[in-house]
Amino acid sequence: MKILITGSNGQLGNELASMLKTGEAGIGKISEQYKGCEVIAVDVDTLDITDYSAVDKFVKDNKPDIIINCAAMTNVDGCETNFDAAMKVNAIGPRNLAMAAEKHGAKLVHVSTDYVFQGDGNTPRCEWDETGPNTVYGKSKLLGEKYVEEFSTRYFILRTAWLYGLIGKNFVKTMRRLGNMNEVTTVVDDQRGNPTNANDLAYHILKLAVTEEYGIYHCTGEGECSWADFAKLIMELSGCKGTVARCTTEEYSQKYPASAPRPLYSSLENLMLKCTVGNEMRDWQTALKEYIIKLDEMEKNQ
């Protein structure tokens, strides 16, 4: 089996490549079907997914059985000021991969986001709920989803949220740094969602990819919290000296007027997982605790 991972330098791509090498995830062992598989890990320096000719040639030459697209422009504020880049990476890229996957007989796994929803309400969104993004990031990611559905017949779309992994920048690492630098760190307390460990998401991507249970999935950590709740537990588990002060979205927007709007409520329900291959996503507190232990070990060895 050959597996092509795009965006392999990111936190999710890194988790997938590592997991395929070791056969192990925090949740448990991955499928034996991956034993001895060949992993082709690429990033923009090797393959520009916004270039269809390059994508078509790369897939034709390498003949992957599964393509996992982790490449994305995830800078929400940056998307607001750079429409073209957001469209190319988040919409045209998935379209190109979908067309090439269909043409050359590969399955496609595409990672999407909670930002495809409007971000209102107070109950977790299911896969059948109506989308309605209000940011350039969300709109570009939704168009990417639509292109995958339109141009591929064997696809898995996984929407996730509040993702953190061992490689690269993320909210957990930022809060650890600020918690050790400052006595008090102010964090928004009226936006709620699902913190998600990239290791858990990678496990479920691989769990799905060897099946024919095609469609749209939600895949986030179980349970929900506010950003301030998330930050507080991060600092406690990390032994930080600082504390968290809570603020509203309105207060944050007044302080940072150029910031793009964030969803007030973006919790997702992993309904399709429950109804097909099974939802093994851990509660967000347990997954965070294990992550911080691993991060501490990794930082000690650097």
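Tutor: A polar contact here is a pair of N or O atoms within 3.5 Å; within protein, one of the two must be able to donate a hydrogen and the other to accept it. The model is predicted, and every value below is computed from it.

The side chain to start from is that of S140, which has a polar atom 2.8 Å from the backbone oxygen of Y137. S140 lies in helix α5, residues 136-151. An α-helix has 3.6 residues a turn, so residues three or four places apart point the same way. S140 is buried, with a relative accessible area of 7%; the cut-off for buried is under 20%. Leaving out residues up to four places away in sequence, S140 touches A86, M87, N90 and A91.

A side chain also meets the backbone at the start of helix α6, where a side-chain oxygen of N170 comes to within 3.0 Å of the backbone nitrogen of V172. V172 is itself among the buried residues of α6 (171-181), together with M175, R176, L178 and G179. These buried residues of α6 pack against β6 (163-164), β7, α8 (227-238) and α11.

The next site is Q191, in the loop between β7 (184-188) and β8 (192-193). Q191 is buried at 6% relative accessible area. Its side chain makes a polar contact of 3.0 Å with the side chain of T249, and another of 3.3 Å with the side chain of W227. Apart from neighbours within four places in sequence, Q191 is in contact with W162, C225, S226, W227, T249, R262, P263 and L264.

Two of those partners deserve a further word. W162 sits in the loop between β5 (155-160) and β6, and W162 is buried at 11% relative accessible area. Its phi is near 50°, a positive value in a residue other than glycine. Most residues other than glycine have a negative phi. K63 likewise has a positive phi near 50°. K63 is found in the loop between α2 (52-62) and β3 (66-69), and at 58% relative accessibility K63 is exposed, whereas W162 is buried.

The structure holds 0 disulfides. C225 is in no disulfide, since its nearest cysteine sulfur, that of C247, is 15 Å away, and a disulfide needs the two sulfur atoms within 2.5 Å. C247 is in no disulfide either; its nearest cysteine sulfur is that of C225, at 15 Å. C247 also counts as buried, at 12% relative accessibility.

E250 gives a contrast in exposure. E250 lies in helix α9, residues 249-255, and is exposed, with a relative accessible area of 58%. The C-alpha atoms of E250 and G168 are separated by 29 Å, and the two residues are 82 apart along the chain.

That leaves the empty space. Rolling a probe the size of a water molecule over the atoms shows where empty space is left. A search of the whole structure finds 1 cavity of 30 Å³ or more, and the largest cavity has a volume of about 30 Å³. Its lining leads back to Q191: the residues are Y115, W162, Q191, W227, R262, P263 and S266. By class, that lining has 4 nonpolar, 2 polar and 1 charged residues.

The second largest pocket has a volume of about 230 Å³. Of the 16 residues that line this pocket, E15, S18, L166, N199 and K294 are the closest to its centre. The elements giving two or more residues to the lining are α1 (11-22) and α11 (284-300), and α1 gives the most, with 5 residues. By class, the lining of this pocket has 6 nonpolar, 5 polar and 5 charged residues.

Terms used
Residues numbered from 1 in each chain as written. Predicted model: local features only at pLDDT ≥ 70, side-chain atom pairs only at ≥ 80, totals over all residues. Heavy atoms only, no water. Helix = DSSP H or I, 4+ residues; strand = E, 2+ residues; numbered from the N terminus. Buried < 20%, exposed > 50% of the residue type's maximum accessible area, 1.4 Å probe, protein only. Contact = heavy atoms within 4.5 Å. 1 Å grid on protein atoms, 1.4 Å probe; cavity = no way out; pocket = protein on both sides within 12 Å on 5 of 7 lines; lining within 4 Å. Points joined across faces, edges and corners; volume = space filled by probe spheres on them. Nonpolar A, V, L, I, M, F, W, Y, C, P; charged D, E, K, R; others polar.
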